[in-house]
2 protein chains.
Amino acid sequence: MFDVCLLGTGGMMPLPYRYLTSLYLRYEGSGLLIDCGEGTQIAAKKAGVSYKGIDTICFTHFHADHISGLPGFLLTMGNAERTEPLTIVGPKGVERVVNALRTIAPELPFSIEFKELAEQTEALRCGPFMVDAYRVNHKVTCYGYAVSIPRAGKFDVEAARALGLPVQLWNPLQKGQTVDYEGRTYTPDMVMGPARRGLKVAYCTDTRPVPVIADYAKDADLFICEGMYGEPDKQDKAKEYKHMTMQEAVTIAAQAQPKELWLTHYSPSMMHPEEFLPELKKTFERTLAVRDGRKKTLKYDDGGENG
Amino acid sequence: MFDVCLLGTGGMMPLPYRYLTSLYLRYEGSGLLIDCGEGTQIAAKKAGVSYKGIDTICFTHFHADHISGLPGFLLTMGNAERTEPLTIVGPKGVERVVNALRTIAPELPFSIEFKELAEQTEALRCGPFMVDAYRVNHKVTCYGYAVSIPRAGKFDVEAARALGLPVQLWNPLQKGQTVDYEGRTYTPDMVMGPARRGLKVAYCTDTRPVPVIADYAKDADLFICEGMYGEPDKQDKAKEYKHMTMQEAVTIAAQAQPKELWLTHYSPSMMHPEEFLPELKKTFERTLAVRDGRKKTLKYDDGGENG
């Protein structure tokens, strides 16, 4: 079960009816958060998300609406008696910025490990998640993220039988382990089919459209993308402040063909993000203008488990 | 008109139904804020408070639940096109702490002037407000505040007539100006009665009970005081974490005799602060367990204006 909850959908400043954009992902008991603006801990509580299980926090960039909630979030994780180390991922300088904010959250019952992004694209392993970070084009250094759950190939029963392997050795091989039997070594690739399609969520906000976004959103189960402005006359503003319009987001989605597109990071001036949908759906039908707390559980195409 | 709005009433962490404790005061177009935890800008928006008019922000101390909302608040003030300088008052280190938080809010269209408190008690003038800061007893250096609007004495018409002053000179004298007339100098004290009782709000949170609190809350129009715990069995916890129980707050109020006591800074575990009122009112009848956004307009005893 790969659970997704978009905790907030706002940009720039939190509002009484809209928290700042932040994404919570959960797989096999491990949580990953992307961005943590002011009020994210309130949005998480509202959505019933457990702080304690969050092992990784990724930041797209250091504008306040994406990171200002961190000190409070860390303290609340501490109050929930977390002791396991936390990994924080972000652009170059993430350790310096987080430590500056920790002036007001100096004592925590867990340690923090930093992973600073420096390249145009980087692939990291964070618990059960494969995290791909890719550089986008905002006023400051900013990354988009694609978070995937890889899925192994199918166990080939015929191949295992042909090798004469006893049934009790099948499971370790299925789990990726190497086994020795009657003086011979068996590796998983000898009994496993090719890796199957896993699950992928792509997340991109605070950028002008750049080709890399569609590359990482390609065939995603869910693509969550900034649509800061809806009105056609806001195009110049989007260019000036290096944001994306909803129309630009659906154009990227039309190229990338995710299973679903969720728009987010709405301008505080946008009261009803849904009103632009009829026009947007002409470009990409599977577009949703979601609200805070939207949840979805992603499943494999065949409905099966990972094994 | 001295307007008071208690934006939030929570302690420790913001909750979906309770923002962190922060007090907004307004007099003659100038606003003053005490404390600014995560979400205070949302609470202010909810209460319909104008960010732009806030000229002074006072901090009791630097625990995150009292200051974590500052970067976002400053940026939102900037977005509201404030250009007038802002004064920030707080314990020693306030400039260092605020500048650390400004790592994520480096560019603002207004300047910030700092007033660091160092003494046990300090009196400051902030726009129309007389601000008295007094040191209390928390885990870190912490101050309570009493904010007053002074009120001049009554204009003595008989005295002015006896001096032979023409009516057109009465108003400047009333406003505190010195005037020259027919070769003689006239000062306000020659025509004004003794200063009258003004208006006073006392605010105190995050401390054990200390005598100075009642001194500054004495005869206040409104005393806003921490009542973190209500249950008698939380007394030890209050001592350990250096907070006050509701019973301790009403005991102080009984000594200080303010016109009204508002309890605030409720523990996140306290669901219904009102439930303790019947018992508390036995000690101080004019006790209210208020909720977020509680407003009041304070008026002079005689209902008149300042003049």
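A:Q257 is partly exposed, because 15 other C-beta atoms lie within 10 Å; a residue is termed buried if 20 or more other C-beta atoms lie within 10 Å of its own, exposed if 12 or fewer, and partly exposed in between, with C-beta atoms placed from the backbone. The model is predicted, so that local features need pLDDT of at least 70 and side-chain atom pairs count only at pLDDT 80 or more, whereas totals for chains, interfaces and linings use all residues. Residues are numbered from 1 along each chain as its sequence is written, and chains are lettered from A and ligands numbered from 1 in the order in which they are written. A:Q257 belongs to the loop between helix 9 (246-256) and strand 14 (261-264) of chain A; helices (H or I, at least four residues) and strands (E, at least two) are DSSP runs numbered from the N terminus. A separation of 36 Å is found between the C-alpha atoms of A:Q257 and A:V97, which are 160 residues apart along the chain.

Chain B is superposed on chain A by a rotation of 180 degrees with 0.0 Å of shift along its axis, at an RMSD of 0.1 Å. The two copies are therefore related as by a two-fold rotation axis. Contact between the chains involves 25 residues of chain B and 25 residues of chain A, two residues being in contact if their C-beta atoms, placed from the backbone, lie within 7 Å. On the side of chain B that touches chain A, helix 1, helix 2, helix 3 and helix 4 of chain B each supply at least two residues. This side of chain B comprises 15 nonpolar, seven polar and three charged residues; Ala, Val, Leu, Ile, Met, Phe, Trp, Tyr, Cys and Pro count as nonpolar, Asp, Glu, Lys and Arg as charged, and the others, Gly among them, as polar. Because 100% of the interface residues of chain B are also interface residues in chain A, the copies meet through the same surface.

Helix 3 (residues 70-79) of chain B is mostly covered, with eight of its 10 residues buried. The buried residues are B:L70, B:P71, B:G72, B:F73, B:L74, B:L75, B:T76 and B:M77. Their cover includes helix 2 (64-67) of chain A, as well as helix 1 (40-47), strand 4 (54-58), helix 2 (64-67) and helix 4 (94-101) of chain B. Just after helix 3 of chain B, a positive phi of about 65 degrees is taken by B:E81. In helix 1 of chain B, the buried residues are B:T40, B:Q41, B:I42, B:A43 and B:A44, and the elements covering them include strand 1 (2-8), strand 2 (22-27) and helix 3 of chain B. B:G48, which follows helix 1 of chain B, has a positive phi near 75 degrees.

Strand 13 (residues 222-226) of chain B is likewise mostly covered, five of its five residues being buried. Both of its faces are covered: B:L222, B:I224 and B:E226 are buried on one side, and B:F223 and B:C225 on the other. Strand 13 of chain B pairs in the parallel sense, over four bridges, with strand 12 (residues 196-204) of chain B; pairing requires that DSSP find at least two bridges between two strands. Within this pair, B:V201 stands opposite B:L222. A parallel pairing over four bridges also joins strand 13 to strand 14 (residues 261-264) of chain B, where B:F223 stands opposite B:L261. Strand 12, helix 7 (residues 211-217) and strand 13 of chain B form a right-handed β-α-β unit, a crossover being right-handed if, with the strands pointing away from the viewer, the path from the first strand over the helix to the second runs clockwise. In the loop between helix 7 and strand 13 of chain B lies B:D219, which has a positive phi of about 60 degrees although it is not a glycine. B:D219 counts as exposed because it has 12 C-beta neighbours inside 10 Å.

The largest nonpolar core has 168 residues, and those with the most contacts inside it are A:A202, A:F223, A:I224, B:A202, B:F223 and B:I224. Such a core is a set of buried Ala, Val, Leu, Ile, Met, Phe, Trp, Tyr and Cys residues joined through C-beta atoms within 7 Å. Apart from its neighbours within four places in sequence, B:I224 is in contact with B:L6, B:L23, B:V201, B:A202, B:Y203, B:W262 and B:T264.

Notes: Copies are superposed by least squares on the C-alpha atoms of residues with pLDDT of at least 70 in both.
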